[in-house]
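Please look over the sequence and the model below. The report that follows covers pockets, the ligand site, ring pairs and backbone details.

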Amino acid sequence: MRDIFEIIDRPQNFPYCPGCGHTTIDMVLARAIFELGLKNEDFVIVSDIGCVGLVDKLFRVHTVHTLHGRSTAVAAGIKMVDEVLFDNKLKVVVMIGDGGSTIGLLHLVEAAKINVDITVLIHNNFLYGMTGGQHSGLTPKDFKTSTTLNGNPFEPLKIIDILKNSGATFYARTYSQDPELKEIIKEALLHRGFAVVEILELCTGYATRYNEIKGSGLKNMLDNLGGKVKVKEKKESFGEIYKNKFFDGKGEVEFKGIEIDKRVSLKEPLKIVIAGSAGEGVQLAASLLCYSSILAGLNATQKNDNPVTVGSGFSVSEVIISERNIKYSGIEKPNYLIITSIDGFKRVKNLLNLSENVIIDETLTENKSYFRIPARRYLSVRGGPNYFSIGFLFGKFSPFESEIFEKAILKYGKSKEEVLKVFKEGVSLGKSYGVQSPA
Amino acid sequence: MKIFVSGGELIAKGAIDAGVRFFAGYPITPASVIYEPIMRELPKVGGVSVGASDEISAISYCIGASLMGIKSMTATSGPGFSLMIESISFALMSEIPVTIVLAQRLGPATGGATTNSQGDLLFAAFSNSGGYPIPIVSPSTIEESYEFTIHAVNISEALRTPTILLTEKEVTMTRKSVELSSLRRPEILDRKVYNGEDEFKTYNFVALEDVPLFSPVGGRYLTRYTGSAHDKKGDLKKDDPEVIEMLHHLKEKIIKNIDKFYFYEYVERNPDILLLSYGITSESVREVSEEESLSYLILKTLYPLKEENLKPIFERYKKIVVVEENIIGSLFILIRHLLGNKGYSLTKVGSLIAPWEIKRFISTL
Ligand code: SF4
């Protein structure tokens with residue numbers, strides 16, 4: 001017993017006030033651990049903030065003293081690793097108060113939801129002891145604290161009900177004097193999955209100062225919360241779920257390299273902006289432009305711009321193609337500005353005067369100085385207007401052989417055959433305008 | 001062999017190659033691009049990657065995993081980083097290695113999710129309560145995001161500290177053709193573990209700058225980790241000389257050991273003007289430097305800075321122009337006392353600083 005508990009035989013050395021419920025719970029926990037006959041090294045106590053966090057020194061086990069409310073999440077991280085990557089032998093016990101459970105409620109809910117194999121002991125003494133007896137989310141109605149001097153006007157959070165509904169597979173509610181507390185804690189420790197025990201207890205420092213209450217009154221308070229509870233269910237734990245669904249444990253991460261198909265040369269970098277509508281395949285078309293450039297032995301960058309909702313409004317891709325390494329990836333003056341929809345048109349209007357060549361869907365403008373082409377006629381193919389316009393660019397200006405872009409479609413594209421057809425039609429339209437070498 | 005990748009993918013790959021085997025995150029643009037590759041690939045190499053219910057959970061999970069001896073990483077942007085900082089303080093105080101990727105976007109608050117910015121340097125450098133140093137490294141090209149992810153993980157492991165990889169939208173989300181063989185892969189460092197026969201102390205050191213030997217939670221030596229003021233054993237203490245010594249240790253450990261991880265790129269061309277920058281703005285600076293034959297200094301370890309390294313460089317120039325994409329001139333503020341009356345601050349918000357804007361600025365000096 002002394003093996004587990006540092007000062008079991010010297011209760012006067014406890015850091016808590018005389019009669020504090022924490023003392024009782026610590027002693028019961030020590031007995032429970034002792035009776036389970038497990039090694040000290042296999043226990044981790046993760047403590048929260050508040051008087052409850054003074055527990056570390058009392059136990060000869062691993063201890064982690066965390067932040068207010070975060071103990072559950074740190075414990076979950078420990079146990080996720082233990083369950084999936086190690087031998088799943090650690091018993092991880094969270095020592096948290098009603099305050100920590102309030103501020104860290106989401107961590108408790110999440111741990112219950114994913115059924116990570118930790119045991120949480122909620123020390124509910126209805127108030128914040130360490131900071132002077134303020135109320136918490138778990139303070140009962142009409143209970144007096146330093147911040148609810150006329151009695152708490154609100155009903156408390158029923159933490160066990162919340163966690164039960166969050167998927168906890170072991171949940172219990174009792175009070176510190178319950179003769180069965182030790183057995184309940186033992187059961188919780190042995191449970192495979194998320195286990196939580198709410199233990200009502202007394203803060204002799206503050207609860208008794210403001211309220212007419214003694215230890216014997218805890219039973220009544222338990223009844224007010226719905227009485228004693230202990231339920232155990234069976235469900236896969238986090239580790240079991242993870243290993244079944246995600247964990248592979250083999251293989252290596254490798255990038256898929258792109259083999260140069262044919263090295264072409266390019267005197268000046270090409271700056272191309274494609275502006276269209278989200279959901280019409282602008283970014284994929286732009287990336288095929290980059291892939292084709294890499295197949296051609298060139299370098300490429302692609303920057304995308306879209307509203308936060310990726311499926312509506314404009315979608316703009318900026319592509320630079322260069323023989324040399326590209327450093328600054330911004331484009332102020334595009335060599336080619338491709339506009340395939342009204343959304344794109346509105347977005348890049350300020351670029352129209354700065355661009356050397358504008359390739360634009362014919363329905364969007366009357367301006368004769370632009371290359372007005374029937375791009376949106378190809379809307380039935382995903383990305384069609386963009387591939388048609390890029391095809392036009394290749395046909396008219398021939399930055400490099402259009403066959404290399406065709407290879408990129410076949411290697412990295414989607415709906416390859418249809419896209420290829422649209423692209424080729426764009427190329428022939430471009431050629432019919434008279435081939436011009438790149439700017 | 002070339003690849004076509006975003007900085008985000010390179011960060012994911014760098015993390016895995018650095019030995020990261022636990023990743024937890026809560027999605028936020030422009031850090032989200034790191035998620036898909038790392039969620040997909042980490043389980044394949046025998047690691048755990050999880051989506052958390054918020055940023056505080058994400059970093060707390062990482063801290064828990066790191067306590068087990070596993071290299072851990074999370075990634076976020078300004079708003080999420082704001083939520084994480086209490087836990088970063090905790091990792092600092094309890095000397096738990098963890099790497100935080102901070103992919104900057106336009107701020108303040110939710111700001112602009114898909115707009116680049118370099119506004120978080122001072123925020124990151126002084127992000128802990130108490131004012132203790134946290135190492136920050138920053139890639140200055142898309143390619144370097146691979147190398148510097150490894151450096152960040154190395155620092156966090158070697159020095160038992162939270163470490164920040166400071167990057168930005170134009171690095172994580174821009175895709176670039178990259179020559180695979182050109183990626184630099186630093187030597188991988190692991191945290192040093194205790195293996196002795198004496199009583200183990202979680203925070204043992206002799207010289208203030210020593211990095212205490214680590215032992216995992218659940219290992220053969222009982223450990224006592226804590227984020228509260230403590231002695232070498234990990235016992236809660238307040239008015240004790242050992243606690244004050246511990247606090248000095250937290251500073252010295254970083255300041256004295258950053259030498260091994262002090263990265264910068266210095267090109268000497270013209271003796272008059274030095275361009276000084278970091279992050280993706282460095283690419284514009286390099287272009288200008290080449291075209292106008294100007295000297296430049298790119299800082300890649302951004303915090304703590306080594307004044308004894310910067311001073312002699314600064315002394316050689318008549319004018320020093322600090323170029324950065326934020327409203328206040330964060331790096332300029334950090335080094336202003338070293339610049340005398342030679343310092344000029346070129347800042348911008350809302351879009352990348354183009355090479356021509358740097359040239360225009362210089363022409364007015
Ligand atoms: S203040 Fe209350 S909770 Fe804290 S030790 Fe004293 S009795 Fe216990």
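## The largest pocket

What volume does the largest pocket have? About 1200 Å³. Of the 44 residues in its lining, the closest to the centre are A:Q283, A:L284, A:N304, B:V33 and B:R175. The lining divides into 15 nonpolar, 17 polar and 12 charged residues. Ala, Val, Leu, Ile, Met, Phe, Trp, Tyr, Cys and Pro count as nonpolar, Asp, Glu, Lys and Arg as charged, and the others, Gly among them, as polar.

Five elements each supply at least two lining residues: α10 (282–295), β11 (299–305), α13 (402–412) and α14 (416–432) of chain A, together with α2 (32–41) of chain B. The largest share, 6 residues, comes from α10(A). Helices (H or I, at least four residues) and strands (E, at least two) are DSSP runs, numbered from the N terminus.

## Basis of the model

This is a predicted model: local features need pLDDT of at least 70, side-chain atom pairs count only at pLDDT 80 or more, and totals for chains, interfaces and linings use all residues. Residues are numbered from 1 along each chain as its sequence is written, chains are lettered from A and ligands numbered from 1 in the order in which they are written, and side-chain values use heavy atoms, with hydrogens and water left out.

## Cavities

The structure holds 3 cavities of 30 Å³ or more. The largest cavity has a volume of about 50 Å³. Its lining is A:K79, A:L90, A:K91, A:V92, A:D117, A:I118, A:T119, A:L189, A:H191 and A:R192. By class, that is 4 nonpolar, 2 polar and 4 charged residues.

Both searches run on a 1 Å grid over the protein atoms alone. A cavity is a set of points where a 1.4 Å probe fits but cannot get out. A pocket is an open set with protein on both sides within 12 Å along at least five of seven lines. Lining residues have an atom within 4 Å of a point. Grid points are joined across faces, edges and corners, and a volume is the space filled by probe spheres set on the points.

## The ligand shell and its cysteines

Which residues are around the ligand? They are A:Y16, A:C17, A:C20, A:H22, A:C51, A:N125, A:C203, A:T204, A:G205 and A:Y206. A residue belongs here if one of its heavy atoms lies within 4 Å of the molecule. The shell divides into 6 nonpolar, 4 polar and no charged residues.

A:C17 is partly exposed, at 43% relative accessibility. A:C51 is also partly exposed, at 25%. Buried means under 20% relative accessible area, exposed over 50%, and partly exposed in between (1.4 Å probe, protein chains only). A search of the whole structure finds 0 disulfides over all chains. The test is a pair of cysteine sulfur atoms within 2.5 Å.

## Aromatic pairs

The count comes to 25 aromatic pairs over all chains. Rings of Phe, Tyr and Trp (its six-membered ring) pair if their centres lie within 6.5 Å; planes under 30 degrees apart count as stacked, over 60 as edge-to-face and the rest as tilted. A:F371 and A:F397 form an edge-to-face pair, 5.7 Å centre to centre, with 85° between the planes. This pair links distant parts of the chain: A:F371 is in strand β15 (residues 371–373) of chain A and A:F397 in helix α12 (residues 384–397) of chain A, 26 residues apart. A:F371 is buried, at 16% relative accessible area. A:F397 is buried at 1%.

The rings of A:F394 and A:F423 have centres 5.7 Å apart and planes at 70°, so this pair is edge-to-face. A:F394 lies in α12 and A:F423 in α14 of chain A, so the pair ties together parts 29 residues apart in sequence. A:F394 is buried at 4%, and A:F423 at 0%. Ring pairs also link A:Y336, A:F371, A:F392, A:F397 and A:Y433 into a cluster.

## Backbone exceptions

Most residues other than glycine have a negative phi, and most peptide bonds are trans. The bond from B:T29 to B:P30 is cis, with omega near 5°. B:P30 is in the loop between β2 (22–25) and α2 of chain B. Another cis peptide bond joins B:G107 and B:P108, with omega about 0°. B:P108 is in the loop between β5 (98–104) and α5 (121–125) of chain B.

A:N88 has a positive phi of about 55° although it is not a glycine. A:N88 is in the loop between α2 (71–84) and β3 (91–97) of chain A. B:S293, not a glycine, has a positive phi of about 55°. B:S293 lies in the loop between α9 (281–292) and β12 (295–299) of chain B, and is partly exposed at 37% relative accessibility.
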